[in-house]
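Have the sequence and the structure at hand as you read.

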Amino acid sequence: MTNRPVALVTGASRGIGAAVARALAPTHDLLLGGRDEAALREVAAELPGARPWAVELTDSAAVAEAVAGLDRLDVLVHSAGIADLGPLAEATADVWRRTMEVNVVAVAELTRLALPLLRAARGQVVLLNSGAGLRANPNWGVYAASKFALRAFGDALRAEEPELRVTSVHPGRTDTDMQRGVRAQENGDYQAERYLRAESVARAVTTAVLATDDAHVTEVVIRPRA
């Protein structure tokens, strides 16, 4: 690592997380968060100043140990998440717990543990949310509830930590492996040309991160063009 600012990006092995890492690489040293260390190493090999930060985010003890090994953190980008779709009548307690654990609790705990470093840097937290964090549709109830909760977490964090910048990013459908899984659950065709590119979402993130010091981009909503 150099004297450049340090950004930790979760979910960095693929999709939006990997795109955000690539977009931040020219200006930041990078910690690439995720579970698949081999995949993280492949992304890191493309990016000077990047290294894997392999940890299971739902394992609080492992996260605490990993954060304790850091001495600087300027930007924390939460991109990891899961989406289990289906009617609420079929959503078991296990589905609710797993979704909330990954999409909300893991985010809150990593942020809590990283707060001393982020405060020292007057840093920034970016929450990759979703259009589902603004509107709940049929069969999206569990996922939307987790994203509404994530939005509330960001709003509260912004109010409680005025020295930090906290940005919620709400992309529409994006061309990623996760979206392929979503479309499979919906029994629908996958039409990549109708979706946002992950690089487009990453550009919105970097706009918020690289904003001048007087500016605080609190919320970004980005949709595919018709």
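## The largest pocket

Four elements, α1 (15–24), β2 (29–34), α5 and α6 (177–185), each supply at least two residues of the lining of the largest pocket. Helices (H or I, at least four residues) and strands (E, at least two) are DSSP runs, numbered from the N terminus. Which element gives the most to this lining? That's α6, with six residues. The pocket has a volume of about 1200 Å³, and 42 residues line it, with S79, G81, I82, Y143 and M178 the closest to its centre.

Sorted by class, the lining of the largest pocket has 15 nonpolar, 19 polar and eight charged residues. Here Ala, Val, Leu, Ile, Met, Phe, Trp, Tyr, Cys and Pro count as nonpolar, Asp, Glu, Lys and Arg as charged, and the others, Gly among them, as polar.

## A word on the model

This is a predicted model: local features need pLDDT of at least 70, side-chain atom pairs count only at pLDDT 80 or more, and totals for chains, interfaces and linings use all residues. Residues are numbered from 1 along each chain as its sequence is written, and side-chain values use heavy atoms, with hydrogens and water left out.

Pockets and cavities come from a 1 Å grid over the protein atoms alone: a cavity is a set of points where a 1.4 Å probe fits but cannot get out, a pocket is an open set with protein on both sides within 12 Å along at least five of seven lines, and lining residues have an atom within 4 Å of a point. Grid points are joined across faces, edges and corners, and a volume is the space filled by probe spheres set on the points.

## The second largest pocket

Next comes a pocket with about 170 Å³ of space. Its lining is R122, P162, E163, L164, R165, A211, D213, D214, A215 and H216. That works out as four nonpolar, one polar and five charged residues.

## Two cavities

How many cavities of 30 Å³ or more turn up in a search of the whole structure? There are two. The largest cavity holds about 40 Å³ and is lined by T10, L57, H78, A80, V102, A106, V107 and L110. Helix α4 provides the largest share of that lining, four residues. No charged residues take part: the lining has six nonpolar and two polar ones.

The second largest cavity has about 30 Å³ of space, lined by H78, S79, A80, N103, V107, L128, K147 and L150. Both α4 and α5 supply at least two residues each to this lining.

## How α4 packs

The axes of α4 (residues 93–121) and α5 (residues 141–160) come within 8 Å and cross at roughly 15 degrees. (Axes are lines fitted to C-alpha atoms, for helices over the stretch in contact, and angles run from 0 to 180 degrees between N-to-C directions.) So α4 is roughly parallel to α5, a label for angles under 35 degrees. On the α4 side, the contact (heavy atoms within 4.5 Å) includes W96, N103 and V107, while Y143, K147 and L150 are among the α5 residues. By class, this contact has 14 nonpolar, five polar and one charged residues.

Helix α3 (residues 60–68) also meets α4: their axes come within 10 Å and cross at roughly 30 degrees. That makes α3 roughly parallel to α4 too. Here S60, V63, A64 and V67 of α3 meet E109, L110, L113 and A114 of α4.

Terms used:
Angles under 35 degrees count as roughly parallel, over 145 as roughly antiparallel, 65 to 115 as roughly perpendicular and the rest as oblique.
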